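Me: I am new to reading protein models and would like to go through one with you. Could you show it to me, so that I can ask about it bit by bit?

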Amino acid sequence: MLPKSKHASPQYCAVYGKPIKHSASPAMHNPAIAKLGLNWQYIAEEVPPEELGKAIEKAKAARYIGLNLTVPHKILALDMVDILDDSAKKWGAVNTICFETKDENNVWTPLGQITDLTQGELRAKGYNTDADGITLALQKDLGLKLKELKVLLLGAGGAGRVAALKLAEEKVSELYLANRTTSKAEEVANEINNRYPGTSVYVGYPENSPCKMDLVLNSTSLGLEENDPLPIDETKFNLANSKSVFDMVYNPAETKLLAKAKAAGCSTSNGLGMLLWQGVKALEIWSGQTAPVEVMRNALTNYIYGNE
């Protein structure tokens with residue numbers, strides 16, 4: 001284990017977003033931080049997009065350990081950090097920032113892995129842990145091996161784009177992009193064709209009926225509210241023709257989409273695992289330690305579903 005900080009008062013990590021009051025990140029991270037014996041505190045701060053740059057600089061000046069970023073900050077932050085990790089360059093979004101300083105060997109090192117935090121220049125390094133969070137959740141919660149799968153992806157916005165690119169990198173064989181705005185789906189399809197030509201990508205629903213899918217993945221926010229319509233057009237695809245359905249929405253635990261999918265005989269999972277695994281990766285970047293995954297999973301589950 002790393003030596004504890006000389007500081008008596010805790011160091012901070014934070015999640016920035018707008019809105020932020022419903023964030024489950026503090027509930028997930030603080031028990032894990034305690035388990036690792038770190039004198040840190042993880043907080044949530046509401047930051048409007050026009051103030052993001054100032055907020056990142058303020059956190060750097062206060063020698064925060066790191067930040068997580070949620071909607072609407074992930075793309076904005078690309079131009080607000082000092083250096084981008086390869087993950088942020090690859091996926092074109094930043095959801096994790098690690099503040100670094102130089103150690104005694106003049107090597108840039110995360111503040112969370114330095115004992116004397118009073119000296120030295122600082123930089124903000126941007127990472128993307130969302131893409132790994134998606135694939136780990138699909139693999140661990142649904143038992144999927146992604147290579148050669150046929151996937152119908154609902155939504156091509158920020159989360160959908162990262163999911164589509166990551167699935168293509170994992171060598172799914174066919175990827176169908178169904179999005180309300182066709183032009184956005186076309187942009188993502190073109191990007192995949194250029195970067196991952198081994199995956200056949202199509203805009204819209206599969207036309208050959210009935211077309212069997214291995215996975216339907218919802219990346220839209222439809223399902224968050226009780227009165228939301230389904231994110232899928234059932235006149236164009238019958239859920240009974242998919243083996244598995246994954247919904248990035250995790251609250252409610254079972255969306256209308258998942259309830260319908262379960263009734264149709266599909267294996268189902270919500271997005272809790274995605275939230276968990278991106279958080280695990282972020283904590284490991286900051287601390288240099290192996291994150292206590294089950295502590296984080298239990299804390300998340302109790303926080304989000306504890307009153308149900």
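Me: Which residues of helix 1 meet helix 8?

Reply: A word on the model before we start: it is predicted, so local features need pLDDT of at least 70, side-chain atom pairs count only at pLDDT 80 or more, and totals for chains, interfaces and linings use all residues. Residues are numbered from 1 along each chain as its sequence is written, and side-chain values use heavy atoms, with hydrogens and water left out. Helices (H or I, at least four residues) and strands (E, at least two) are DSSP runs, numbered from the N terminus, and contact means heavy atoms within 4.5 Å. On the helix 8 side you find Leu275, Leu276, Gln278, Gly279, Leu283 and Trp286, and the residues of helix 1 that meet them are Met28, His29, Ala32 and Ile33.

Me: How many residues of the contact of helix 1 with helix 8 are nonpolar?

Reply: Here Ala, Val, Leu, Ile, Met, Phe, Trp, Tyr, Cys and Pro count as nonpolar, Asp, Glu, Lys and Arg as charged, and the others, Gly among them, as polar. By that sorting, the contact of helix 1 with helix 8 has no charged residues and three polar ones, and the number of nonpolar ones is seven.

Me: Why are helix 1 and helix 8 called oblique to each other?

Reply: Axes are lines fitted to C-alpha atoms, for helices over the stretch in contact, and angles run from 0 to 180 degrees between N-to-C directions. Angles under 35 degrees count as roughly parallel, over 145 as roughly antiparallel, 65 to 115 as roughly perpendicular and the rest as oblique. The axes of helix 1 and helix 8 come within 11 Å and cross at roughly 40 degrees. The two helices are therefore oblique to each other.

Me: What is the crossing angle of helix 4 and helix 8?

Reply: Helix 4 and helix 8 are oblique to each other too. Their axes come within 7 Å, and the angle at which they cross is roughly 125 degrees.

Me: Which residues of helix 8 take part in the contact with helix 4?

Reply: That contact divides into five nonpolar, three polar and five charged residues. Helix 4 brings Asp130, Asp132, Gly133, Ile134, Leu136, Ala137, Lys140 and Asp141, and helix 8 brings Gly273, Met274, Trp277, Gln278 and Lys281.

Me: In what order do the strands of the six-stranded open sheet come?

Reply: Strands of a sheet pair through backbone hydrogen bonds, either parallel or antiparallel. Two strands pair if DSSP finds at least two bridges between them. In this open sheet the pairing is parallel, and the order is 10-9-8-11-12-13.

Me: Which residue of strand 9 stands opposite Leu154?

Reply: Strand 8 and strand 9 pair in the parallel sense over five bridges. Opposite Leu154 stands Ala178.

Me: Is strand 7 buried or exposed?

Reply: Buried means under 20% relative accessible area, exposed over 50%, and partly exposed in between (1.4 Å probe, protein chains only). Leu122, Ala124 and Gly126 point one way from strand 7, while Arg123, Lys125 and Tyr127 point the other way. Six of the six residues are buried, so strand 7 is largely enclosed by the rest of the structure. In a word, strand 7 is buried.

Me: Which residue of strand 7 is the bridge partner of Thr96?

Reply: Strand 5 and strand 7 pair in the antiparallel sense over six bridges. The partner of Thr96 in strand 7 is Tyr127.

Me: What is phi of Asn106?

Reply: Most residues other than glycine have a negative phi, and most peptide bonds are trans. Asn106 lies in the loop between strand 5 (96-102) and strand 6 (108-110), and counts as exposed at 55% relative accessibility. Its phi is positive, near 70 degrees.

Me: Which residue does a cis peptide bond join to Asn251?

Reply: Omega of this bond is about 15 degrees.
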